[in-house]
Amino acid sequence: MDIKAYIILSLTLFTIGIIGVLIRRNAIIIFMCIELMLNAVNLLLVAFSKMHAASAVAKASPDFVGDAQIFVFFIMVVAAAEVSVGLAIIVMLYRNTHSVDVNFLNRLKN
Amino acid sequence: MNNVLQIAWLIPVLPLIGFIINGAGRNILSKGIAGFIGSSVVLASFLLSIYVFIQVANGNTHVAHYFNFINIETLKIAFDFKIDQLSSLFLLIITGVGFLIHVYSTSYMHNEPAKDFAKYFAYLNLFVFSMLLLVMGANYVIMFIGWEGVGLCSYLLIGYWFKNNDYTDAAKKAFVMNRIGDLGFLLAVFWLISKVGTVSFDEIFAAESLQKLSTTDITGITLLLFVGATGKSAQIPLYTWLPDAMAGPTPVSALIHAATMVTAGIYMIARSNILYTMAPVTQAVVAITGIATAVLAATIALKQNDIKKVLAYSTVSQLGYMFVGLGVGAYTGAVFHVMTHAFFKALLFLGAGSVIHAMGGEQDMRNMGGLKKHMNITHLTFLLGCLAIAGMPPFSGFFSKDEILAAAFSNSPVLWGIGVITAMMTAFYMFRLYGMTFLGKFRGTHEQEHHLHESPVAITIPLIILAILAVFGGLVGIPEVFMHGGHKLEAFLEPVFAQSNAITVKHSLSHSTEYMLMAVSVTGALIALIYAWNKYSKYQKTMAEPTGFAKILANKWYVDELYNGMIISPLKSLSVFFNNIIEKKVIDGMVNGTGKAVNYGSRQLRWLQSGQVGAYILLIVIGILILFIIQLFL
């Protein structure tokens with residue numbers, strides 16, 4: 001398939017994720033949007049890996065290994081670690097303020 | 001012969017040591033010791049100068065090299081002393097007359113507190129050191145160091161009684177006017193360096209170096225040097241500081257403003273005589289300025305009532321004569337007049353000091369009179385000084401003044417004519433001074449009359465010595481018409497002016513012309529003398545303000561007011577403008593404005609810190625977008 005479709009899809013997902021981070025008030029929803037952004041990037045990486053493997057450059061050199069999609073696993077591992085830490089912070093936030101509304105966190109004002 | 005090189009450096013250094021001792025120890029030394037140290041170092045320099053003079057008279061001239069002052073590839077300025085006929089003669093004058101004045105000062109200043117007394121002698125020694133540096137320097141830079149030093153000491157000594165604002169104003173005036181002249185001197189030195197590449201006298205005056213200079217160069221350089229001389233030696237237009245400088249103690253006026261500092265300009269031109277001989281345009285300027293100053297100052301002196309002011313204007317006038325001599329090429333005559341003038345002017349000033357001392361500080365001649373009876377030695381020496389300055393034969397002033405006038409006549413009879421008129425005015429105002437002070441009846445208060453007494457020995461002995469010099473000092477320069485080979489001074493100074501003499505066309509006057517010139521000037525002066533003697537021995541005191549032309553003379557031709565209006569007031573308004581508008585509004589505005597702008601900006605930027613996490617993330621995203629767009633275009 002045309003690589004453009006994958007790029008557009010990935011971009012769309014990424015933008016939806018960003019807008020979600022900026023707009024939503026609930027901290028857990030913000031984390032979901034962050035995950036969405038990471039997954040959009042994963043999709044892009046897999047698509048490019050497949051594209052590169054099928055391109056002329058790859059056919060030219062004999063010992064070409066088309067395994068760039070391995071990088072996606074690294075991103076997933078990082079995402080998992082980061083989610084665990086982030087959820088721990090949200091639990092502490094809930095214990096102190098009894099809500100998960102990020103607009104409460106304005107102690108650094110002025 | 002090597003001895004001269006070994007001791008020459010001592011001559012200026014000894015007064016410097018005196019300065020350091022008296023200056024550093026002014027709080028602890030007693031008056032007797034301070035005076036002794038101050039005078040003895042100058043005496044020691046005088047004795048060394050005699051030795052040097054005798055060596056030079058036997059034909060040994062030297063350039064003593066001490067160390068390299070400035071040593072870069074394109075310019076080498078060495079700290080050298082040039083010991084030749086001209087400098088050794090000036091050494092004798094400076095240290096000799098200086099020593100007499102130091103001795104005089106020990107008695108004249110004895111009422112001062114010990115700390116100020118030592119300070120006075122320290123400054124006086126520093127002055128002698130600077131003046132010696134000036135005349136002994138072997139290049140223009142060392143001369144300039146001394147030149148600046150004497151200007152500084154003049155400022156320090158004029159403002160010696162610093163608690164009086166008028167005196168310190170006079171000191172500042174002297175220093176500023178000197179500085180204006182110094183600018184001319186410096187420009188000339190820079191010009192010389194750029195064209196010839198050296199400042200040493202021997203190297204500049206050598207024939208190869210002179211060829212590198214075009215006529216424009218030489219005229220420009222000599223004119224600029226002359227500007228320096230007008231400042232230091234009080235010629236038009238920079239002479240107004242000298243009468244005001246009479247605010248200093250009288251011995252200071254005698255040493256600095258009669259015998260030594262003011263002759264620095266003449267020394268400098270005499271040293272550079274070959275440059276001036278090669279620039280006839282400058283010589284004409286020098287001669288005209290000299291005679292104009294001589295006449296102007298003489299007219300002003302006719303109507304002054306302060307005894308020191310008359311002598312001050314007389315100094316300016318006599319300096320004018322010396323410049324006339326330089327301008328017509330009579331270098332020996334000018335130097336001769338420097339010598340005789342040092343003798344009789346110092347004598348006159350010291351005598352005036354003795355009179356002021358006896359009168360308890362009174363300086364107005366209208367309150368004096370009849371002092372002949374009370375002060376024999378002062379009266380007699382003062383009379384001899386007046387006769388000398390009036391140019392009466394056979395006193396010293398006659399020989400030197402006549403030599404200049406004869407040279408002026410062979411250059412231009414008009415110059416000579418004005419010179420004779422000035423000589424008559426000189427005789428008149430000097431004997432006006434003499435008559436008002438010493439003859440007639442005493443016009444002061446009763447208590448002043450009781451206080452009148454002859455001055456102590458420390459004052460009268462220098463007066464006597466100077467009187468002897470003023471009377472017999474002219475005999476070293478007897479002109480050809482009287483005695484063949486009698487002009488010992490000219491023979492002595494021959495090597496210094498040999499280069500100039502080789503290229504000037506000598507106009508010799510016939511003997512009969514010279515006799516006639518002498519007769520005319522002496523008769524004229526004699527008539528003026530007798531007229532003044534008669535008129536002022538019968539002087540009736542009047543404190544009335546003069547009117548008409550006399551008022552213009554008494555107010556010094558309003559030159560100070562002219563300078564005030566033309567130069568000082570515009571400068572003051574300019575600085576008021578700069579202060580109020582540029583300093584306060586523009587520069588302060590910029591500085592304060594920067595502060596205000598930063599303040600405003602920071603208040604606006606503070607709104608960014610809302611504490612809302614969402615806003616911070618938004619800013620991160622915006623930043624990433626911007627970077628992304630930028631990298632698209634680069």
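Me: A residue counts as buried if 20 or more other C-beta atoms lie within 10 Å of its own. With that cut-off, how many residues of H17(B) are buried?

Reply: Keep in mind that this is a predicted model. In H17(B), 27 of the 28 residues pass, so the helix is largely enclosed by the rest of the structure.

Me: Where does H17(B) bend?

Reply: Look at B:His341, where H17(B) bends by about 25°. Then go just past the end of the helix: B:Gly360 takes a positive phi of about 70° there.

Me: Which residues have the most contacts inside the largest nonpolar core?

Reply: B:Ala346 and B:Ala470, in a core of 202 residues. Leaving out residues up to four places away in sequence, B:Ala470 touches, among others, B:Phe343, B:Phe344 and B:Leu347. Its other partners include B:Leu384, B:Ala388 and B:Phe395.

Me: Over to chain A. What pattern does chain A follow along the sequence?

Reply: It reads α-α-α-α, with four helices and zero strands in total. The radius of gyration of chain A is 19 Å, well over the 13 Å that the globule rule gives for 110 residues, so chain A is more spread out than a compact globule. For the outline, the C-alpha atoms of chain A fill a box of roughly 60 × 25 × 25 Å along the principal axes.

Me: What share of the residues in chain A is buried?

Reply: Buried residues make up 6% of its 110. As for contacts in chain A with a separation of 6 or more, 53% of them join residues 24 or more positions apart.

Me: Which residues of H2(A) are buried, and what covers them?

Reply: A:Ala27, A:Ile30 and A:Ala40 are the buried ones in H2(A). Their cover includes helix H1 (3-23) and helix H4 (71-97) of chain A. The length test works here too: the 28 residues of H2 (residues 27-54) of chain A should span 40 Å, and the end C-alpha atoms are 42 Å apart, which agrees.

Me: Last one: how many residues do chain A and chain B bring to their contact?

Reply: Chain A gives 11 residues and chain B gives 10. Sorted by class, the chain B side has four nonpolar, five polar and one charged residues.

Technical notes. Residues numbered from 1 in each chain as written. Chains lettered and ligands numbered in written order. Predicted model: local features only at pLDDT ≥ 70, side-chain atom pairs only at ≥ 80, totals over all residues. Helix = DSSP H or I, 4+ residues; strand = E, 2+ residues; numbered from the N terminus. Rg over C-alpha atoms; globule rule 2.2 N^0.38 Å. Buried ≥ 20, exposed ≤ 12 C-beta atoms within 10 Å, placed from the backbone. Contact = placed C-beta atoms within 7 Å. Nonpolar A, V, L, I, M, F, W, Y, C, P; charged D, E, K, R; others polar. Expected span 1.5 Å × (residues − 1). Bend = angle between axes of the 7 residues up to and from the residue. Core = buried A, V, L, I, M, F, W, Y, C linked by C-beta atoms within 7 Å.
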